[in-house]
Structures are given as structure tokens and as C-alpha cells.
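Welcome to the tour! Open your viewer, keep the selection tool handy, and follow along stop by stop.

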Amino acid sequence: MQATLVEIPFGEPPFSLLDERSRARLAENVDLQYFAALEQPLIPGAVGEALFIIHKGEVVELAAETPLPDTATLEQARREGHDAWLSLRIGHYSKGDLFGALTLLNGECRTRFVCEQETLCYQLPADHFRQLCEDNPGFEEYFQHSLRDKARLLAAYRDTRLGSSRDQTGFMLARVMDCMRPPLVMPASSSIEAGVKAMGEAGADSLIIEVQGRCGVVTRTDLLNALVLEGLPATHRLAPLGTFALVAVTAEDYLFQALVQMTRHRVARVVVQESLAADAKVVGVIELTDVLGFFSNRSQLVSLEIERAADLEALALASARLPELVRALVLQGAHLRHAMALLSALNGRLIERTFALLVEEQHRVSCCLMLMGSEGRGEQMLKTDQDNGLILADGHQWPDCSDAMQTFSATLARLGYPPCPGNIMVSNPEWVATESRWRGKVARWCAGRDGEALMNLAIVFDARASGGNAELVDSLRGHLVQHARRDELLLSHFARPALRFSTPLTLFGSLRSPRHGIDIKKGGIFPIVHGVRTMALERGVMATGTFARLEALVEEGRIEASDSEDLSEALSLFSELRLRQQLRHLEEAPANAGRHAEQELSEARGNASTASANLIITQSLSSLERDLLRDALSRVKDFKQRLTHRYHLDY
């Protein structure tokens with residue numbers, strides 16, 4: 001066969017891991033092999049004789065003991081999506097995918113490969129494959145890679161494809177070390193006058209002092225207020241002026257993380273420490289002006305627009321720029337976990353600023369707005385529907401609360417956050433209550449254990465504060481944990497929705513129409529989010545985000561670090577694929593922009609249909625992305641089995 005006629009994706013892993021000479025050798029030594037429908041290129045126990053690369057057609061991988069269907073059964077399953085056959089699949093391979101490598105490396109085939117239709121494969125003899133592995137160690141290692149390693153390969157592949165466009169929009173690549181300035185350290189016994197002079201000479205806006213082993217920050221504004229507003233003498237010591245509750249990052253952190261921290265904590269600077277340990281040495285300072293200067297004229301400046309907004313009109317302008325930021329981050333190939341953190345901080349701050357503009361201070365100090373669902377977990381990218389509630393301090397009088405919450409919900413709708421179809425929002429009196437009433441609701445939900453009660457428990461457990469007295473939300477979530485964490489029967493009921501949908505390895509069909517796509521939310525995202533949520537509730541983990549919960553569960557010894565990494569990478573991959581599909585969906589049909597993105601538990605009860613924006617058409621993915629997707633879904637399947645065992649879900 002002429003090498004020029006061979007259609008193999010050499011630009012994608014694992015073929016991109018071959019040197020030029022090896023790629024040419026591969027192309028020169030493959031033959032084109034035809035397989036009829038239901039023919040088996042590899043069977044259990046067979047000694048591998050070749051590597052197969054699909055040119056046209058589809059191949060499924062089955063467990064060794066799985067019986068073969070007849071042609072009529074197969075066609076019906078493919079046409080109607082019957083799980084009786086589809087659920088038996090381990091994997092599915094289509095154009096550009098390869099199979100048989102592990103058979104060659106392991107010595108024999110342990111599964112069964114069946115052609116679902118007439119299939120053409122490039123066939124590379126075993127001795128040539130082994131020579132490629134010997135000449136290219138990275139090529140052989142690819143087949144033993146973990147999900148995390150393959151995710152890194154995908155990121156590197158995308159970096160190569162993006163080229164100069166990434167250089168022009170390198171926001172997600174910049175590190176804190178690229179922008180930080182050295183700390184101006186002074187003895188705490190120094191005078192205000194000495195501090196002012198040192199700042200002027202260094203061109204700094206803050207300095208670091210140490211008092212009893214704790215580092216603190218004194219800003220230029222602190223010194224000005226001390227001299228002008230408080231009338232302190234210039235000889236006054238710096239020690240009483242310091243702020244010791246520091247917000248910190250490390251030099252290795254991404255610069256965007258510093259911006260996230262500034263946004264979340266509403267500060268204009270963070271300190272840079274050797275580590276995030278409480279007693280770590282301060283090695284630098286990074287100011288908001290440094291970050292914004294580094295990214296001048298970029299869409300990240302939306303954070304500054306939110307902070308400067310003095311009215312709702314200005315907030316609306318800032319809000320309108322968030323989709324632009326999402327698209328910019330996707331274009332840059334940003335890791336979804338990092339992008340989620342940034343967008344969550346911006347969305348949360350925008351909602352908090354809206355709350356502050358509409359609710360008087362006297363009421364804000366005695367209530368708390370809680371964000372729930374994906375917004376509460378900090379895992380949304382595009383604007384989601386309003387999932388929120390309000391806690392009022394016991395005894396606080398607010399006669400106009402209902403009217404104020406109606407106005408607040410209407411305002412959020414104008415800012416691009418559509419009303420919740422399930423009416424889980426502060427304009428619904430059921431989601432506005434005093435501390436005591438909320439505690440009573442939680443107790444009833446724990447006792448009830450029905451579908452709606454379990455959904456409500458999950459919603460509140462994911463809640464985070466966004467405006468007002470945050471202690472009210474923390475206290476309520478703590479009350480929930482105390483009621484639920486030791487109730488084995490409740491935890492079993494609570495965990496069960498994670499198994500509601502089959503893992504969509506079963507839906508890797510011919511993809512002849514959109515309904516054959518993979519619902520990545522039901523089959524991939526939800527099982528991880530809800531399974532980890534259940535484990536966090538059992539262990540009393542108070543983090544709200546799935547990634548943070550996984551890290552806490554590792555520290556608790558509840559889950560292995562390698563499993564946590566795999567689940568994190570799987571969730572990131574699913575979320576990224578879903579986001580890209582949502583962006584395409586919005587571009588094609590802007591009217592669908594307000595679809596509800598947070599109904600996991602209600603969908604688990606069969607009360608909502610899946611939006612087409614959640615369907616991933618695998619034929620549109622690269623071979624590496626399909627390979628990653630198979631691996632990630634396998635991790636989900638394993639995770640669900642562990643949940644089944646731990647919470648006795650097979651009874």
C-alpha cells in the first residue's frame with residue numbers, strides 16, 4: 001500500500017509520539033483488512049499478531065464471557081438503543097481509533113473485539129509494532145498511561161494546535177512568579193513615618209510585618225487612615241495597624257488563581273508564600289493592579305468592572321461580558337477546574353454586588369443569601385438558572401422581605417440568570433426562612449427520605465454564602481451534617497440516585513442521529529458529583545466543590561489519591577466536552593441560552609428531559625479525546641460499583 005494513501009491521524013497521540021522515520025515505517029508496513037459485520041478480529045486467549053487501526057466502520061470490545069448477538073438483535077439494539085446488548089460493551093472504537101496494542105504487549109487477548117458493521121482496518125504486523133515501541137519508548141508507555149497522563153497529553157496536543165493564538169492570550173499559562181514583586185519587610189516596631197518612607201523608595205503599596213510569629217500586611221491606605229482619620233503621630237508603631245488574616249498563594253500557582261482569591265475575598269492584594277502552611281515564609285506580594293496590568297485589554301478585566309459598578313446598569317454591562325470570557329478561556333484551552341474557579345468567583349461576586357445594591361445594610365447583616373446547585377459548588381461556566389435561598393436570623397424583623405426578594409429575582413433575570421424551572425429561588429417563600437425554620441426543614445427532610453426531601457438536602461449541602469452573614473449558611477450546613485452523617489439508612493437512600501443512569505459506554509452507537517450521542521451530564525458528571533457529595537456528607541466534609549471534596553476525602557483516608565486524581569480528571573473532561581457542546585448549541589440556537597443547567601437530582605427521578613446541549617457526538621472528537629472518554633467513563637463505572645458496595649445499593 002502506498003504510504004501517501006494511508007489515512008492515519010499522525011498529528012494526534014499516540015501516533016504523534018512517533019518520530020518521522022517511525023511514522024513512515026508504519027505507513028509503509030500496514031495492509032488494509034476487511035471484516036464483515038459480527039466478525040471478530042481478536043478473541044479471548046488469542047496471541048496478538050497485529051495492531052489494528054480503523055479506517056472505516058465500528059468495533060466493540062466485550063468481556064470474554066459475553067455471548068455474541070445475532071444480526072437481527074444487533075440491528076435492533078443499534079436502531080432502538082436497547083440496553084440488553086449495549087450495556088455489555090466495554091468500549092467502542094471508530095475511525096482513527098486503534099485496538100490490539102495491549103494484546104501485543106500482554107501476550108494474549110483478554111477480551112473480545114467484534115465488528116458491529118462492515119469494517120476496514122489498517123493492520124500492522126506484531127514485529128513492526130514492537131519495533132516502533134523499541135524505537136519510541138513514549139509510544140509504548142502511552143498504552144499504560146493513567147487517565148491523568150493522557151489528559152496531559154491532550155493538553156499538550158491542544159497547545160501545539162493553538163500555537164501563537166495561545167501566546168496572545170496566555171492568561172491561563174501565567175504564573176504568580178511572573179507578576180509578583182518582592183515583599184517589603186519591616187520590623188513591627190518601625191514607625192509610620194519609616195513605613196511611608198520605605199514604601200515611597202520601593203514604589204510599593206504595602207509592607208509586611210511580623211508580630212509573635214504571625215505575618216501581617218500594612219497598606220498605604222492603612223497608614224493614610226492612621227495619620228489623617230485617626231490622628232496618630234508619625235512615630236506610632238506599625239504593629240497595631242497590620243492585618244493578619246492573610247489571603248495567600250504560592251509562586252507556582254497560576255496567576256488567575258490570585259485573581260480568583262482577590263475576587264472571592266474582596267481584597268486588592270495577596271501575599272505569596274513558600275507554601276500554603278500557616279507558618280510559611282512570605283516571599284512576595286501581588287497587587288490587583290499588577291494582575292490587571294499584566295492582562296491589560298483582556299476580557300479578564302470584567303472582574304474590575306464588577307468591582308467598580310456603582311449601579312445595576314453597570315453590573316449589567318459587566319455581566320454581559322461573562323460569555324465573552326468563557327469563550328476566551330475555552331479558546332485558550334484552559335483547564336476546566338481553573339476556569340470554573342474563576343467564573344464561579346466572578347458570578348458569585350456579581351450576584352453578591354446585586355444583593356448589596358438592592359438590600360439595605362441593616363438587613364444584610366441579619367440574613368444570608370445562599371447560592372446552591374452548580375453555582376454553590378463553583379462548577380458552572382455559563383450562567384445557570386437561579387438556584388438560591390435566604391436565611392434570616394431568628395428575631396430579625398423585615399416586613400418587606402418578600403417584595404425585596406421578588407425584586408432581586410427579577411433583577412438577576414435581567415442580568416442573564418433565568419428563573420429556576422423548579423422555583424428553587426428566593427422569590428418562592430418556601431426558600432426563605434428563619435434559622436429555626438430552616439433547621440426544622442432539614443430535620444423533616446432527613447426523616448422523610450423521599451425523593452424531594454433528598455433533593456432538597458443535596459441542594460442545601462451544596463450551598464455557599466453570597467452576601468450577608470455567611471455564618472448563617474455555615475451553621476445550617478453543619479446542622480444538616482450532624483443529622484445525616486451517621487444515619488446509614490439515610491445515606492443509602494441519598495446515594496442511590498448516583499446509579500440512576502447507566503454509564504454511557506452503552507451509548508457509543510453508530511451516532512446516525514443526535515439521539516445516539518452521549519448524555520455526558522447524566523452518565524458522567526452527575527454520578528461523580530453526587531457520589532462524591534454523598535461521601536462528603538458521610539465524613540462531614542464541609543467543602544462545597546467536588547474537586548475540593550475529593551481532596552478532603554483523600555486526607556480523610558476515605559479514597560485513594562490515585563482514584564481521586566482519576567475522578568477529578570474525568571469530571572474535568574466531561575465538563576469541558578459539555579461546555580464546548582453548549583457553546584456550539586448557543587451559537588446555533590441563541591434562544592436556548594437559558595436552559596436549566598442544574599437539575600441533577602430531579603433528572604435522577606425522571607422529572608426532566610435532557611437538553612441536546614448535553615449530548616456529546618463522539619464522531620466529532622479526536623481519537624485521543626475518544627480514548628480519554630472511554631477511560632473516564634470506565635472510572636465512573638468503577639466508582640459506581642464502589643458506591644454500590646459501600647452504601648448497600650444492591651439491596
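Two strands count as paired if DSSP finds at least two bridges between them. Keep in mind that the model you are looking at is predicted.

**Stop 1: a pair of strands.** Select residues 50–56, which are strand β2, and residues 119–125, which are strand β7. These strands run antiparallel and are joined by six bridges.

**Stop 2: the whole sheet.** You have an open sheet of four strands, ordered β1-β7-β2-β5, with antiparallel pairing. Which strands stand at the edges? They are β1 (31–35) and β5 (98–99); each has a single partner strand, so one side of each is left without a neighbour in the sheet.

**Stop 3: helices on the sheet.** Select residues 20–29 to show helix α1, which packs on the sheet and touches β1, β2 and β7. The direction of α1 makes about 120° with that of β7. Next, select residues 126–135: this is helix α5, lying across β2 and β7 and running at about 65° to β7.

Stop 4: In soluble globular proteins, nonpolar side chains tend to be buried together. Here, the largest nonpolar core has 122 residues, and Ile 286, Leu 390, Met 405 and Phe 574 touch the most other members. Helix α16 (residues 336–358) gives the largest share of this core, ten residues. Apart from this core lies another, of 23 residues, including Tyr 122, Ala 126, Phe 139 and Tyr 142.

**Last stop.** Centre on Phe 574 and look around: among the residues Phe 574 touches are Ile 520, Ile 528, Leu 629 and Val 636.

Technical notes: Residues numbered from 1 in each chain as written. Predicted model: local features only at pLDDT ≥ 70, side-chain atom pairs only at ≥ 80, totals over all residues. Heavy atoms only, no water. Helix = DSSP H or I, 4+ residues; strand = E, 2+ residues; numbered from the N terminus. Contact = heavy atoms within 4.5 Å. Axes fitted to C-alpha atoms, helices over the stretch in contact; angles between N-to-C directions. Core = buried A, V, L, I, M, F, W, Y, C linked by side-chain atoms within 4.5 Å. Buried < 20%, exposed > 50% of the residue type's maximum accessible area, 1.4 Å probe, protein only. Lists of a residue's contacts leave out its neighbours within four places in sequence.
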